[in-house]
Amino acid sequence: MPFLLILLAACNNTESTLQPRKIMRLDIAASQPDIEFTENEQAAFQAWLEVIKGEYSKEEYANSLAVTAFEPLVLQFLPPLDSVEAVITTILPSDITPVGVISPYNQMVITHPDGFLFIALNHYLGADNQVYAGRFPEHERRRKKISRMPIDITIALHASNHPDSLSVNSTLLNHLLYQGALLESALESLPEETSEAAVLGMTMQEYEWCVENEANIWQSLISQQLLYSTDQQMIKRLLAPAPGSPSISSNAPGQTALFTALKITQSYLKNNDINSAKSLLNTSYYNSDKSLIHSKYSPIYARK
């Protein structure tokens, strides 16, 4: 066999050994009180009860308010998970089990120390689904679609593997450096066609506004002396999902600061010959003010 054909055959064999990472449908199994759990489902169920701090039998859980209210909607509106499973096959380590659940929390993905990654399927029924109308503002509803699921899973996984060591005395800059490394790590893990706008949770119009106003955003953070502020309430307002970022500009979309966080990290990687943002989550990168200097991020002067 010619060498090229041997090489291609070897690559195909490697790909074929990669087992699809099926998402365990605990939401379905737990909503059927008359059917016994498998051993793996039972372990996942016990871990989930720890997360929600509940003491339920399988039958009690099946009859709980959240399950009876949302499981029929999940079965009706949730698209097939094949597209998500195809992406996470190359992202999730073999010791992590993805599990679909009905969750009473707003958090869309929750990790557990026993190796379970819980996905709140009731939060992915479609941005325009009427079940969300009046319950969530528009900037939150638009994230509730299946295309967002691999992004949320990837970010949650990186955050779980590399939790921040930020304190109440951490500055906005410290938070930006950590979030930037986290978001860039997610981009590195996700398929190449995944856009920065999607990872940031922005519409393309919002993202383009940030690109066009990158220098002005940076200047606003500096002129208002926000970078080194330790005001945790202000930091939360800038980083949490919101309809806008009025502290930066009346036209700035929500979480505009995360756009800057991503650009600082990308500049740092470029100017320090580092190939992986994940490595920055293992260092003092985000706790050092020198990281900004070493990033050489300066869009104000770069655009002159």
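**View 1. Lysine charges over phenylalanine rings.** In this predicted model, the charged end of K58 is placed over the ring of F37, at 4.7 Å from its centre, where a charge sits over a ring if NZ of Lys or CZ of Arg is within 6 Å of the ring centre and within 35 degrees of the ring normal. The charged end of K144 likewise sits over the ring of F136, 4.0 Å from its centre. Residues are numbered from 1 along each chain as its sequence is written, and side-chain values use heavy atoms, with hydrogens and water left out. Local features need pLDDT of at least 70 and side-chain atom pairs count only at pLDDT 80 or more, whereas totals for chains, interfaces and linings use all residues.

**View 2. The ring pair of F37 and F45.** Rings of Phe, Tyr and Trp (its six-membered ring) pair if their centres lie within 6.5 Å, and planes under 30 degrees apart count as stacked, over 60 as edge-to-face and the rest as tilted; by this rule the count comes to 10 aromatic pairs. The ring centres of F37 and F45 are 5.0 Å apart with their planes at 40°, so this pair is tilted. Both F37 and F45 are buried (under 20% relative accessible area, with a 1.4 Å probe and protein chains only).

**View 3. The ring pair of W48 and F118.** W48 and F118 form a tilted aromatic pair, with 5.0 Å from centre to centre and 50° between the planes. Because W48 lies in helix α3 (residues 39–52) and F118 in strand β4 (residues 116–120), the pair ties together parts that are 70 residues apart in sequence; helices (H or I, at least four residues) and strands (E, at least two) are DSSP runs, numbered from the N terminus. W48 is buried, with a relative accessible area of 1%, and F118 also counts as buried, at 1% relative accessibility.

**View 4. Packing of helices α9 and α14.** Helix α9 (residues 172–189) packs against helix α14 (residues 256–271) at an angle of about 75°, with the axes 7 Å apart, where axes are lines fitted to C-alpha atoms, for helices over the stretch in contact, and angles run from 0 to 180 degrees between N-to-C directions. That makes α9 roughly perpendicular to α14 (65 to 115 degrees). The contact (heavy atoms within 4.5 Å) includes L176, L183 and L187 of α9 and L258, A261 and L269 of α14.

Technical notes
Buried < 20%, exposed > 50% of the residue type's maximum accessible area, 1.4 Å probe, protein only. Parallel < 35°, antiparallel > 145°, perpendicular 65-115°, else oblique.
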